[in-house]
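Please find below a colleague's note on the structure, arranged as numbered points.

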Amino acid sequence: MKGFLGEFEELVLLTIANLGVDAYGVSILKDINERANRNLSIGGLHSTLTRLEEKGYLTSALGEPTNERGGRRKRYFELTASGISGLVDMKSLRDELWKNAKVNLSI
Amino acid sequence: MSLHSDHKYPKWGVKLLKWWSKNAEIEDLLGDLEECYFDHISSKGKALAHLYYIRQVVSLLASYTLNKRRKDAKLKVYFTPTTISMIHNYTIVALRNFKRHKVFTTLNLVGLALGMSISLLAISVILAVFDLDEFHTKKDRIYQIGTIIKDDQGTRQYASTYNAMANYLASNYPFIESTVRVKSGFSPTVDHRGSEVPLDGYYADPSFLQVLDFPLLYGDPATALSKPNSIVLTQSAAALLFTIENPTGLLITTDQGDFQVTGVIVDPKQSHFYFQALTSFNTHTTANSSTPMEHDWQHFYRNYLFLMLKEGTSPTAMTSALQNAEKITAERNPELAISFVSVALTDLVPSWNVYHSLGLDWDLYGMLFFVGIGLLVLLPAVFNYINLSLARALKRAKEIGIRKVMGAEKFQIKMQFLVETILLSLLSLIGAVLIFMLIKDQFIDMMIGGETLNISLNVITVSSFAAFAIFIGVISGIIPAYYFAQLDPIVTLKGGSPKSGTSISMLKKSLFVFQFGLSLIFMIGVGAIVHTYSYALDYNHGFDSENILVVPLHGINKEVALQELATQPQVRSISTSSNLPGVMLPTALEVLPNATDTMSIGQVFIGSGFVENLQMELAWGTTGSEQQSSFNEEVVLVNRKFMEARRIFGDTPDSLVFKTSDGRNCKIVGILKNFNFEPLNEEIAPIVFRYSLEQSNYALLTLQPTDIRSTISDLDAIWTSIDQKVPFQSYFLKDEVEKAYQYIIIQFKIFVFLSLLAITISCLGLLGMVAFNTENRTKEIAIRKILGATNKSLYIVLSKEFLKIIIVAVMFAVPFSYFFYDKLFLPMLMKNSAGLGILEVIVGVVVLLSMGLTAIYFQTSKVANTNPANSLRTE
């Protein structure tokens with residue numbers, strides 16, 4: 001296990017998993033901004049994406065040229081096996097903590 | 001998105017990001033930025049979207065992603081695993097290009113080879129000079145003590161030091177293993193079977209041969225320099241004086257007494273010590289026993305001191321010793337600020353601003369001058385390359401366009417061009433080395449002390465040559481490389497000519513102007529030197545040298561010889577003298593103009609009839625040859641300068657009488673007009689002419705100008721009848737006078753060679769430029785012809801531009817050469833020179849113009865004479 005995922009990193013990875021094949025910069029940004037009610041910048045998001053890619057949780061590839069965006073290609077992101085296991089590890093840790101909680105966490 | 005057309009997308013952010021990211025790929029980021037911007041416009045309106053845009057650009061600029069990609073891209077371009085194969089590919093492309101453009105390649109190869117040859121000379125000389133004295137095994141421990149004197153005229157560093165210094169340091173500081181005193185100015189004239197052989201060398205301590213690694217062929221290094229009047233000769237000096245190989249123990253007779261040869265030394269090579277003979281230091285001290293050296297803190301002229309420290313002594317130990325010595329000198333010379341320095345043996349040359357250096361003075365200034373000349377000749381060749389490459393831009397633009405479309409980045413295009421030029425300059429290095437080998441010996445002979453330098457091709461020189469060639473390749477390739485790298489592939493592929501903005505054509509023009517100006521300056525230099533030389537020979541020195549035969553009178557009964565030689569009917573008159581006019585005259589006589597002062601002046605011993613014989617003019621009095629000198633009053637002649645020089649010392653009761661320092665009274669009976677007894681580059685100096693047959697060395701015979709050869713053989717026969725042991729020698733005074741100006745011939749050779757190089761290179765460049773220019777205008781010329789243009793008008797059209805360039809070059813080169821030659825160079829060459837004449841300038845301009853026009857004519861006639869139908873039909 002390559003270190004723990006940060007909260008935001010986990011959020012980004014899960015968003016990518018939710019978006020499936022349509023996970024590229026703008027779609028991820030919009031999704032996070034809507035769901036988590038954040039005001040995230042493009043530079044901030046891409047920085048995180050690049051770090052995750054460096055850690056091996058993500059891979060990316062350029063798509064086909066589009067008619068929008070001045071003909072520029074999109075970079076699509078995909079979870080790797082270690083990305084998935086990282087998420088699973090995070091979740092099991094969290095589940096364990098929920099289960100063993102001495103305080104009643106239900107509302 | 002339909003909104004795209006409604007709103008203008010702000011481009012500045014894109015540009016900023018692209019600029020910041022350099023070569024990195026950021027297409028996806030820019031795409032995201034644009035998409036988000038238009039999303040915002042549709043939801044929040046233009047103003048907010050714009051604010052949002054600014055924020056996003058800033059966030060991207062600062063983002064980890066962009067900066068990482070930027071860094072990666074930089075690394076990627078420089079160090080891809082394919083770099084080697086790329087260079088391989090560039091090399092192949094370059095070679096193909098060379099093959100295809102043979103004219104271009106040959107022009108540049110020849111130009112660069114010629115241009116580089118002089119620089120190679122400079123490099124090899126500099127390498128050799130920096131390597132001087134490295135062969136001494138104890139070099140790390142040997143230091144020279146120099147003297148720094150500060151007075152109101154400034155600070156000067158001398159290589160020499162006080163006489164007393166050696167004794168003071170050696171007796172007070174035990175860390176000094178040995179001291180070597182060297183005194184220059186040992187210049188005896190050896191009497192060698194009737195002819196004089198001048199030697200030049202040093203007075204040196206016996207330790208000289210132990211501290212420094214000058215191996216003795218014969219003799220014992222420990223004792224060779226210990227006794228007074230012993231002499232160690234170099235191998236070449238020994239060969240000059242003796243026929244046998246080992247002359248140790250033999251005596252030689254000189255004007256400074258007899259010397260016993262105690263050793264033969266290998267000729268000094270790769271050293272700044274420059275001598276033909278060494279004599280023991282105590283030869284000097286015995287000859288001048290009046291001044292005890294151990295206490296002489298006054299004189300440092302020609303007195304050099306080398307120290308060898310004991311092993312393991314730090315050089316800083318000397319500092320305090322020298323500071324203590326400074327205290328002593330400060331006491332004795334309170335008006336001067338004197339300090340001492342120690343200079344390591346290997347750091348002595350090249351020297352910078354050191355006065356009175358011992359031996360060969362390879363000063364840095366001279367080195368830089370040499371390098372400057374080398375580069376000056378190389379520059380036109382570099383300019384040729386730049387010009388011709390840019391001229392070819394039209395042809396290569398398509399190639400660059402395709403390369404760019406295939407994905408070549410600017411850096412790669414630049415690399416391609418640099419590899420090409422480096423390859424070209426390496427190829428021309430081969431030619432340059434060949435030229436270098438050819439001219440090397442000639443040039444080295446012209447340098448003073450050049451024969452001591454070891455200049456050969458070895459690993460160090462060859463690798464420095466290669467480094468130099470690569471450097472030149474980069475220098476000449478960088479401008480074309482940048483030019484080609486910025487070409488727009490779309491424009492070039494569409495067939496439009498690459499934008500040859502005014503900057504490029506201005507650059508080309510100014511490079512051309514420089515080339516031609518330089519050639520002209522060199523050519524005017526050739527003319528100026530020829531002019532100066534003929535001026536010196538034709539100049540009326542104030543004495544007659546025509547038809548005067550000089551016969552050295554050595555080892556023969558002078559009186560008998562004169563009488564007998566005068567009997568030859570072709571000899572009009574005969575006289576004698578100790579020194580020849582037109583040759584340097586050493587100052588030899590001390591004159592006491594009043595009770596306290598002395599002045600050093602030149603003296604010449606003459607025989608009766610000398611003044612008449614050489615047709616010198618008297619300003620006052622008589623030649624005095626009839627008057628007899630009495631024991632206490634000697635009859636002398638002086639020149640006017642003498643009277644002027646004497647007047648400075650104040651009036652005397654009788655200005656025609658003076659005393660010499662050896663106690664003789666002299667009476668002036670005649671004053672000669674000022675004339676150049678010495679060569680023209682010497683100022684006219686005060687001279688005293690004394691009558692003495694004993695001191696005269698030469699007989700001067702004025703001959704009838706007819707049948708000189710048989711006259712000389714008659715004289716030879718007469719001479720032999722007097723004394724058969726001494727061979728008859730003779731030469732003409734005129735030749736001897738000419739010898740004094742030999743150095744101008746050397747300058748002349750150098751200038752002719754340099755200007756030939758510069759002119760050749762410039763003409764090559766011009767030829768190439770005209771060729772490309774006319775080639776590009778083939779169609780234009782065909783159309784002009786069809787429309788009825790005559791050949792004459794075509795020549796005008798084609799050569800107009802180049803003529804303009806040449807004229808501009810003339811306009812800047814002529815004033816410059818006037819200033820340079822008239823004010824700087826010629827006065828340096830000869831003090832009383834004639835200056836720069838108008839004729840040299842005109843000849844230079846005419847030669848340049850005709851060279852340039854011939855080059856233009858050749859090319860244009862080729863194009864102008866082709867059938868216009870042919871040139872229009874072919875694409």
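The points that follow cover the basis of the note, chain A, strand pairing in chain B, and surface features.

1. Basis. The model is predicted: local features need pLDDT of at least 70 and side-chain atom pairs count only at pLDDT 80 or more, whereas totals for chains, interfaces and linings use all residues. Residues are numbered from 1 along each chain as its sequence is written, chains are lettered from A and ligands numbered from 1 in the order in which they are written, and side-chain values use heavy atoms, with hydrogens and water left out.

2. Overview of chain A. Chain A contains 4 helices and 2 strands, where helices (H or I, at least four residues) and strands (E, at least two) are DSSP runs numbered from the N terminus. Along the sequence, these elements follow the pattern α-α-α-β-β-α. Of the 107 residues in chain A, 41% are buried; the classes are buried (under 20% relative accessible area), exposed (over 50%) and partly exposed (in between), with a 1.4 Å probe and protein chains only.

3. Strand β15 of chain B. All 5 of the 5 residues in β15(B), residues 548–552, are buried, so the strand is largely enclosed by the rest of the structure. Burial applies to both faces: B:Ile548, B:Val550 and B:Pro552 lie on one side, and B:Leu549 and B:Val551 on the other.

4. Partners of β15(B). Strands are taken to pair if DSSP finds at least two bridges between them. β15(B) runs antiparallel to β24(B), with 5 bridges joining them; within this pairing, B:Val551 has B:Ala699 as its bridge partner. β15(B) also pairs in the antiparallel sense with β25(B), residues 731–732, over 2 bridges, and here B:Val550 stands opposite B:Tyr731.

5. Pairing around β10(B). Which strand runs parallel to β10(B)? It is β8(B), residues 230–234, joined to β10(B) by 5 bridges, with B:Leu233 and B:Val264 as bridge partners. β7(B), residues 216–218, pairs with β10(B), residues 257–265, in the antiparallel sense over 2 bridges, and B:Leu216 stands opposite B:Ile265. β9(B), residues 251–254, is likewise antiparallel to β10(B), over 4 bridges, and B:Leu251 stands opposite B:Gln260. A hairpin through 2 residues joins β9(B) to β10(B).

6. Positive phi values. Most residues other than glycine have a negative phi. A:Asn37, which is not a glycine, has a positive phi near 50 degrees. A:Asn37 sits in the loop between α2 (25–35) and α3 (42–55) of chain A. A:Asn37 counts as exposed because its relative accessible area is 68%. B:Asp707 also has a positive phi, of about 50 degrees, and lies in the loop between β24 (698–703) and α22 (708–722) of chain B. At 49% relative accessibility, B:Asp707 is partly exposed.

7. Positive surface patch. B:Lys8, B:Lys11, B:Lys15, B:Lys18 and B:Lys46 form a positive surface patch. Patches are made of residues with over 30% relative accessible area and no salt bridge, like charges being joined within 9 Å and nonpolar side chains (Val, Leu, Ile, Met, Phe, Trp, Tyr) within 5 Å. A salt bridge is a side-chain nitrogen of Lys or Arg within 4 Å of a carboxyl oxygen of Asp or Glu. One member, B:Lys46, belongs to helix α4 (residues 46–62) of chain B. B:Lys46 is partly exposed, since its relative accessibility is 49%.

Technical notes. Accessible areas come from the Shrake-Rupley method with a 1.4 Å probe; for residues, only the protein chains shown count as cover. Lys and Arg count as positive and Asp and Glu as negative; His and the chain ends are not counted. The place of a charge is taken as NZ of Lys, CZ of Arg, CG of Asp or CD of Glu.
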